[in-house]
Amino acid sequence: MREGYGYRSLNENLAPLRRYLLAQLGRPWDQVFSEICAGIDQLDSVHQHIHDFIEVDVKVREGRLINVANRGGYLGRGRGLSQELYVDPRTGLICLNRHYRSSGRDAEEHRLSEAAEIAARRHSVDERTLLLRVEGIWYRVELGVLPKERIVASVIDSTRRRRMFAEPRYDVVLRRAVSRSVQADLRQCKQLYGSMDFYAQNKRQLSSREIKEHQLR
C-alpha cells in the first residue's frame, strides 16, 4: 500500500487500493484495516474510498447477506451487497462478492438490451421513413421535422414579456399535438423515432407481404 500510494493524494489513483484489497481475500478484515491505517497517513480519505470496493457493514437477514450501512444519507432496513468485496459477518474474513456487477458492465448490458428492444420495434428505411411497431401492429411512418423554437413577445398587465415558443405539429402515432417547447414531447419523440427533431407526419399499416419482405415479426 505504501509503495502504491506513498503519501500522495488518494484521488490521484484508486487502482492500488483496489488491487491491495483484492490481494487480501480470505484474511481477517480487522487485521487488514489495521495494516492500511499504519501504512497511509490520510486515514479519513482512505476510509472514504475503502467503501467504494468493500462492504464492511454486513449482516445476515433471512439467510441473505445485506449491507446495513447508512452512508450518503441512505435510510433503510438494509440492501443487497453492491461492492466487489465484503466482510463476512460470521467469520470477519474478506470475501469476493460473486454477484458483483460493475457499473461499466451494467451500462453495457443496458445498452445492448435497449438496442435489442429498439430493433424489435423500429427499422429505418431512410432518414425520414421508419417501419414502426405500435401496439403490436407494424406501420410505415413518414417523419416531419418539428418547428424550431423562436422568441415571441407579448404584453401582460402593461409589461412586455418574451418567451420561447415552438409551433406544435399533430403526431399521428401519439395522436396528439407535440412541440419542441414541451420536454415530455421531445422525450417521447426520441424514444419512438430515435430523434427529438422528428414527429410522425403520416402512417400506413404494413401488409402481410411487406411484413414478410422486411422480415418483421
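1. Glu210 is buried, at 15% relative accessibility. Its salt-bridge partner is Arg204, with the closest N and O atoms 3.1 Å apart. Arg204 counts as partly exposed, at 38% relative accessibility. This is a predicted model, and the values in this note are computed from it.

2. Is Asp185 buried or exposed? Asp185 is buried, with a relative accessible area of 6%. That value falls under the 20% cut-off, so Asp185 counts as buried. Arg176 has a relative accessible area of 30% and is partly exposed.

3. Glu167 and Arg169 meet through their side chains in a salt bridge, at 3.5 Å from N to O. Glu167 is partly exposed, with a relative accessible area of 35%. Arg169 is partly exposed as well, at 29%. Both values lie between the 20% and 50% cut-offs, so neither residue counts as buried.

4. Which residues are joined by salt bridges that share partners? Arg150, Glu167 and Arg169 form one such network. The structure holds ten salt bridges. As a general point, side chains of opposite charge can pair when their charged atoms come close.

5. On the aromatic side, a search of the whole structure finds one aromatic pair. A charge also sits over a ring: Lys203 lies over the face of Tyr139. The distance from the ring centre is 4.5 Å.

6. Now confidence. The protein averages a pLDDT of 81. Of the residues, 79% score at least 70. Among the elements, strand S12 (residues 169-171) has the highest mean pLDDT, 97.

7. Over residues 1-12 the pLDDT is below 50. Beyond near neighbours in sequence, this stretch has 26 contacts in the model.

Conventions. Residues are numbered from 1 along each chain as its sequence is written. This is a predicted model: local features need pLDDT of at least 70, side-chain atom pairs count only at pLDDT 80 or more; totals for chains, interfaces and linings use all residues. Side-chain values use heavy atoms; hydrogens and water are left out. pLDDT is the predictor's confidence in each residue, from 0 to 100. Helices (H or I, at least four residues) and strands (E, at least two) are DSSP runs, numbered from the N terminus. Contact means heavy atoms within 4.5 Å. Rings of Phe, Tyr and Trp (its six-membered ring) pair if their centres lie within 6.5 Å; planes under 30 degrees apart count as stacked, over 60 as edge-to-face and the rest as tilted. A charge sits over a ring if NZ of Lys or CZ of Arg is within 6 Å of the ring centre and within 35 degrees of the ring normal. A salt bridge is a side-chain nitrogen of Lys or Arg within 4 Å of a carboxyl oxygen of Asp or Glu. Buried means under 20% relative accessible area, exposed over 50%, partly exposed in between (1.4 Å probe, protein chains only).
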